[in-house]
Amino acid sequence: MTALADEEIKVQDRSARGGHWIDDWEPDDEGFWATTGRKVALRNLVFSILTEHLGFCVWLLWSIAVLNLPKAGIKLSVSELLWLTTTPNLVGAAIRIPYTFAPAKFGGRNWTIVSALLLLIPCGLFVYAINHPGLPFGVLLLIAATTGLGGGNFASSMANITHFYPVSKQGLPLGLNAAGGNLGTSVTQLAMPPLIVAFGLVAVGWVWMPFILLAAAGAYLFMNNLTKATSAYTAREMLTIWKRPQTSIMSVLYIGTFGSFIGYAFSFGVLIKSQFPDVKGANFIWLGALVGSLARPIGGWLADRFGGARVTMIDFFLMGLGVAAVAMAVNAKDWNAFLAAFLFVFATTGIGNGSTYRMIPAIFRTQALAEVNPADTEAVSTATARGRRDAAAAIGICSAVGAFGGVLIQQAFRISLEQTKSISPALTGLAVFYGVCVVLTWSCYLRRRVAVSAVPSLAGAGV
């Protein structure tokens, strides 16, 4: 009998329903985690990463396609092209809210299957649009909007995986999960141009379909639903999580990390072209997203080791230095310095993404446990489960706000270029914002007397 089969038997013995449902899941129990939990969590993480990765690939589809639409007989104005790239970002940000609560409503495995199959819609519609170049712009815009489904996958995937891991070990797996998704940005930017040259623009839609079917099949066969994670939120509960000060604070910090990553990833090619017109941007735009994605699990690991708040505060300081270096390179017209400084900034966005996501589960667990007697085992268990549930909701909300932040960064660069022909004013504004995030992180989570939400123990809670 294989090790995998043994593992499955152990899980089924702890499950009242059998099949792919697990009723008894205690990752914070060291014995359970060592014998069964780690293996099951890792298997679910692998297929979660695959689906989320494809979501990002599809989400970025039109950002590559717009550069090649004239070759397909579709001629649009610059303004219309910008809308085709901005609309998916807006839809992806908005849809992260309902996607956050879908695993709690339908089960993490079940929703992963559905969310994967939904990606066939934007791919199929893209193929239709390229084969019908006479479509009105409004129809094209609607088709582009459907790629926002790919942006939603991030929220549901992260909210689901949160429940599989112990709070003390969530930084690295959440970082890996997010990095696998973020890498879809780089893969799309790197792989699509040569694919378009070889097979035409329509191939950008077809190429993802077999991988999507593979991801859905993998989720069906190898993932699990956790009963304890399937308590759906009411509208009032969702609003309560939204109103909590910690959700607002972490949303601002996530604008600074993920908002920066996705905003820079969408804008990098345009920035290169505007500031260094003699450089072929297509050769370099994929590097930024790659560096930022690979750095994300490093941020999670560092947060597990040194505390998310400490890593986040230092990271924002480095981000400020990085954008200052980019501004200096722009003013000096130094391409090599520009590329090096911007890749450094991308790396810090990835580290910050990992560390901020490590903070959220720790914050909400600490708040939940502060309300119960530590000696009451049953109350502690209930509070821990509530903290996980609240953290999963907060993660989705923060991810949505962070994605909207990416749109704001895109617009900051647009306005800066229109008004001054330079990106230096936008970079200056971003440096100031990162400085505000340094102060916010320190004042809320690192100084000894923490007043936010009347939880004085946050500073020492491993946040």
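**View A. Lys421 in the loop between helix 17 and helix 18.** Lys421 lies in the loop between helix 17 and helix 18 (424-446). Helices here are DSSP runs of H or I with at least four residues, numbered from the N terminus. The model is predicted: local features need pLDDT of at least 70, side-chain atom pairs count only at pLDDT 80 or more, and totals for chains, interfaces and linings use all residues. Residues are numbered from 1 along each chain as its sequence is written, and side-chain values use heavy atoms, with hydrogens and water left out. Lys421 is not a glycine, yet its phi is positive, at about 65 degrees. Most residues other than glycine have a negative phi. With a relative accessible area of 67%, Lys421 is exposed (buried means under 20% relative accessible area, exposed over 50%, partly exposed in between, with a 1.4 Å probe and protein chains only).

View B. Lys333 is not a glycine, but has a positive phi of about 55 degrees. Lys333 is exposed, and its relative accessible area is 58%.

**View C. Helix 13 against helix 15.** Helix 13 covers residues 245-275 and helix 15 covers residues 308-332. The two pack at an angle of about 15 degrees, with axes 13 Å apart. That angle makes helix 13 roughly parallel to helix 15 (under 35 degrees counts as roughly parallel, over 145 as roughly antiparallel, 65 to 115 as roughly perpendicular and the rest as oblique). Axes are lines fitted to C-alpha atoms, for helices over the stretch in contact, and angles run from 0 to 180 degrees between N-to-C directions. The crossing of helix 13 and helix 15 is left-handed (the near helix is turned anticlockwise from the far one by less than a right angle). Helix 13 brings Leu253, Gly256, Thr257, Ser260, Tyr264 and Gln275 to the contact, and helix 15 brings Phe316, Met319, Val323 and Val330. Contact means heavy atoms within 4.5 Å. The residues of this contact divide into 6 nonpolar, 4 polar and no charged (Ala, Val, Leu, Ile, Met, Phe, Trp, Tyr, Cys and Pro count as nonpolar, Asp, Glu, Lys and Arg as charged, and the others, Gly among them, as polar).

**View D. Helix 13 against helix 18.** The axes of helix 13 and helix 18 come within 11 Å and cross at roughly 145 degrees. This crossing is left-handed. Residues of helix 13 in the contact include Gln246, Leu253, Ser260 and Tyr264, while those of helix 18 include Leu430, Phe433, Cys437 and Tyr445. By class, the contact of helix 13 with helix 18 has 13 nonpolar, 4 polar and no charged residues.

View E. Leu50 lies in helix 2 (residues 30-59). Leu50 is partly exposed, at 28% relative accessibility. Leu50 and Phe211 are 161 residues apart in sequence, but 9.0 Å apart in space, C-alpha to C-alpha. The axes of helix 2 and helix 11 (residues 209-222) come within 10 Å and cross at roughly 155 degrees. The two helices are therefore roughly antiparallel to each other. Among the residues in contact are Arg43, Phe47 and Leu50 of helix 2 and Phe211, Ala215 and Phe222 of helix 11. The contact of helix 2 with helix 11 has 9 nonpolar, 3 polar and 1 charged residues.

View F. Asp390 is found in helix 17 (residues 377-420). Asp390 is buried, with a relative accessible area of 10%.
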